[in-house]
Amino acid sequence: MLILLALICVLHVATIVMLFVSTIDSSWYIMGNNSTDIWKKCIYVNNSYSCVDVTDYGNQDYLRAVQALMILAVIFSCFSIFSFLVQLFTAEPKRRFFITGGIHMLCCLCVMCAASIYTAQFPQPKSQWTAGTYGYSYILAWICFCLSFINSIIYCVLRKKGDD
C-alpha cells in the first residue's frame, strides 16, 4: 500500500510540474524561430528575440480565458495534493478520497477547457501564424489533462487501508 501511495504522489507531483511548465513556458505555438504562448508572442528579428504581450494584438479575450483556466488548473492541482495528504492522515479507515478526486477532476476540466479554447481560436485564419505547429507546452497541457483525469479516477477508487 505504501508503494501505491508513493506512486500516486509521484504522478500527482509530475502533473503539477508539467502544469507549471505548460502554463509558464512560451511554446504553445511555433513557426520557425517565432513562438507564442498564452502570455506573449516572441518574434526573432535581427538576431534577437522581441517579445510582446499577447493583448497587444487586438481582441484576444480567448487568451484571457485560457490564462485563467490554466492558473485555476495549477491551483486546483496543488490544492488537491494538499487535500490528499490531509485526508490520508485524518480520514477514517476504509474511506474513499472523493474530495481529492473531485478537486483533481476540476483541475482536469480546467486544462481540457483551456486547451480546447486555444485549439479552436488559435491560429486565427488569415494570420501570419497559420503555417506553424503546436509546441510542446500545448502538448504538455493535453498530457496533463490525461494524467489529471487518470489521477482523479484513482483517487475516487482508492480506499484508505483499514486496521484489519
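The protein chain contains four helices and five strands, where helices are DSSP runs of H or I with at least four residues, strands are runs of E with at least two, and both are numbered from the N terminus. Starting at the N terminus, these elements follow the order α-β-β-β-β-α-α-β-α. What you see is a predicted model, in which local features need pLDDT of at least 70 and side-chain atom pairs count only at pLDDT 80 or more, while totals for chains, interfaces and linings use all residues. Residues are numbered from 1 along each chain as its sequence is written, and side-chain values use heavy atoms, leaving out hydrogens and water.

**The whole chain**

Taken along the principal axes, the C-alpha atoms fill a box of roughly 70 × 30 × 20 Å. Of the 164 residues, 41% count as buried, meaning under 20% relative accessible area, with exposed over 50% and partly exposed in between (1.4 Å probe, protein chains only). Among contacts (heavy atoms within 4.5 Å) with a separation of 6 or more, 71% join residues 24 or more positions apart.

**Two helix pairs**

Let's look at how the helices meet. Axes here are lines fitted to C-alpha atoms, for helices over the stretch in contact, and angles run from 0 to 180 degrees between N-to-C directions.

| Pair | Axes come within | Crossing angle |
|---|---|---|
| α2 (residues 61–90) and α3 (residues 98–121) | 8 Å | roughly 160° |
| α1 (residues 2–24) and α4 (residues 136–157) | 9 Å | roughly 150° |

Angles under 35 degrees count as roughly parallel, over 145 as roughly antiparallel, 65 to 115 as roughly perpendicular and the rest as oblique. Helices α1 and α4 are therefore roughly antiparallel to each other. Their contact involves Ile 8, Leu 11 and His 12 of α1, among others, and residues of α4 including Leu 140, Ala 141 and Cys 144. The residues of this α1 and α4 contact comprise 13 nonpolar, six polar and no charged; Ala, Val, Leu, Ile, Met, Phe, Trp, Tyr, Cys and Pro count as nonpolar, Asp, Glu, Lys and Arg as charged, and the others, Gly among them, as polar.

Helices α2 and α3 are therefore also roughly antiparallel to each other. In the contact of α2 with α3, there are 22 nonpolar residues, seven polar and no charged.

**A residue in a loop**

Now for a single residue. Asn 33 sits in the loop between β1 (29–31) and β2 (34–36). Asn 33 counts as partly exposed because its relative accessibility is 46%. Leaving aside residues up to four places away in sequence, Asn 33 touches Tyr 44 and Tyr 49. The C-alpha atoms of Asn 33 and Phe 79 are separated by 37 Å, and these two residues lie 46 residues apart along the chain.
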